[in-house]
Amino acid sequence: MTQQKPRRTTVADVARLAGVSAMTVSNVLNAPHRVSEPTIRTVRAAIKELGYTPNHAARALSSGRSQVIGLPLYLEDDAFSDQHPGLGGFLHGLLGGLVKSAAISGYGVHVTTPTEGATEIALYESLIAARQVDAIVVLETMPQDERIAFLSQRPFPFVAFGRTGPRHRQCWVDVDNETSMAGIARHLAGNGRTRAAYLATDSALPWVHQRRAGFLREFPSPAVVESFSSLEQVSSYVEETFGRSDRPDVFVADNDAYAVVAMRALQRHGVKVGEDIAVTGFNDFPLAGMLDTPLTTARIPLRDIAACLFDRAVREISGDPDQPGRLVTAPLVVRSSA
């Protein structure tokens, strides 16, 4: 006698167990922004209990979608050099969060990079023409960004990590760098620090100027601002401050790498970081809390940002009306260095 195959669990089974409609289950899987958080939790619990696995091939066939989000990465050869020690951890955290958020809704993430000599826009054109992805995630946007201009002129869903220009679609998520760095300034002022040296990245990237503006706006005393293009320049500058009568009582770095270099330079001179002189960073890259003097910094919530990026991508895919971009605050993590 031929043994019957067990019946495949369906959306209707999940709907019955969760006490909702099949459409609600479909929305939880495909457009979770349309469903309340309690309902999402109930449906996902039912999915887990029944062991329901979406039939991605059938869904893609019926919807004409790939169920895939595209993440093009265009990295220079020196992107992971000693001058960018945290970039690997940053991308790992962001990608991990994006993959997790996508998987919950039955999506995959396609990570790709242009071939040698090709541009990122050429890669976009290829992905769109081949219908390989349902939406594209653009990283690290710039003012007058030609990638955003290209995508804004096409009826294709995309979401940007970083603000888009006023004349372009506002489908973006970004760190509220100004507010987050202002929080560091208030913390330092509250601890009695009055002579700040601000260590800035020498770059045109928007976050560099946003963080500096936030600190200068909120720190009550005048601050010296210096820009650097290498870790060696940061170390030399901190060394040069010794012997000055107006030596800073706090070094405020706009990234964790600069902060760690400043701490090492101070410690070589016997300075007790956090007591004699404070040091702060920004990002909270891995190991920041495991240093000999754990680093006070602002933690970029990469998983939260990734979840927001995916949610916004799904809204774009669903054709929802355009909405303002979303800012995510990087919370202050207070440790021994300040």
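User: What makes up the chain overall?

Analyst: The model is a predicted one. Its chain has 12 helices and 12 strands. The C-alpha trace spans about 90 × 45 × 40 Å along its principal axes. Of the 338 residues in the chain, 49% are buried.

User: Why is strand S6 called largely enclosed?

Analyst: Strand S6 covers residues 196–201, and six of its six residues are buried, so the rest of the structure largely encloses it. In a regular strand, side chains alternate between the two faces of the sheet. On one side of S6 the buried residues are Ala196, Tyr198 and Ala200, and on the other they are Ala197, Leu199 and Thr201, so both faces are covered.

User: How do you know that S6 and strand S7 pair?

Analyst: At least two bridges are required for a pair. S6 and S7 (residues 223–228) have six bridges, in the parallel sense; the pairing therefore meets the definition. Within it, leucine 199 stands opposite glutamate 226 in S7. Between the two strands the chain passes through helix H9 (residues 206–218), and this β-α-β crossover is right-handed.

User: What joins S6 to strand S8?

Analyst: Four bridges join S6 to S8 (residues 250–253), and the two run parallel. Alanine 196 has valine 250 as its bridge partner in S8, and leucine 199 stands opposite alanine 253.

User: How do you know that the length of helix H8 agrees with expectation?

Analyst: H8 (residues 177–190) has 14 residues, which at 1.5 Å a residue should span 20 Å; the end C-alpha atoms are 20 Å apart, so the two values agree. Buried residues of H8 include Met181, Ile184, His187 and Leu188. After the helix comes glycine 192, with a positive phi near 85°.

User: Why is cysteine 171 called buried?

Analyst: Buried means under 20% relative accessible area. Cysteine 171 has 0% relative accessibility, and therefore counts as buried. This residue lies in the loop between strand S4 (158–161) and strand S5 (172–175). Cysteine 171 is 141 residues from arginine 312 in sequence, yet their C-alpha atoms are 6.9 Å apart in space.

User: What makes aspartate 284 and leucine 287 worth a remark?

Analyst: Most residues other than glycine have a negative phi. Aspartate 284 is not a glycine but has a positive phi of about 60°, and leucine 287, also not a glycine, has a positive phi of about 80°. Aspartate 284 is found in the loop between S9 (278–280) and strand S10 (297–298), and leucine 287 lies in the loop between S9 and S10 as well.

User: Are aspartate 284 and leucine 287 buried or exposed, and why?

Analyst: Aspartate 284 counts as buried because its relative accessibility is 15%, under the 20% limit. Leucine 287 counts as exposed because its relative accessibility is 54%, over the 50% limit.

User: What makes up the lining of the second largest pocket?

Analyst: This pocket holds about 470 Å³ of space. Among its 20 lining residues, the closest to the centre are Glu37, Arg44, Ser101, Ala307 and Asp311. Two or more residues come from each of helix H3 (37–50), helix H5 (87–104), helix H12 (302–318) and strand S11 (326–328). H12 gives the largest share, seven residues. By class, the lining has eight nonpolar, four polar and eight charged residues.

User: How many cavities of 30 Å³ or more are there, and what lines the largest?

Analyst: The structure holds one cavity of 30 Å³ or more. The largest cavity has a volume of about 30 Å³. Its lining residues include Met142, Pro143, Asp145, Arg163 and His168. The lining divides into three nonpolar, four polar and two charged residues.

Technical notes:
Residues numbered from 1 in each chain as written. Predicted model: local features only at pLDDT ≥ 70, side-chain atom pairs only at ≥ 80, totals over all residues. Heavy atoms only, no water. Buried < 20%, exposed > 50% of the residue type's maximum accessible area, 1.4 Å probe, protein only. Right-handed = clockwise from strand over helix to strand, strands pointing away. 1 Å grid on protein atoms, 1.4 Å probe; cavity = no way out; pocket = protein on both sides within 12 Å on 5 of 7 lines; lining within 4 Å. Points joined across faces, edges and corners; volume = space filled by probe spheres on them. Nonpolar A, V, L, I, M, F, W, Y, C, P; charged D, E, K, R; others polar. Expected span 1.5 Å × (residues − 1).
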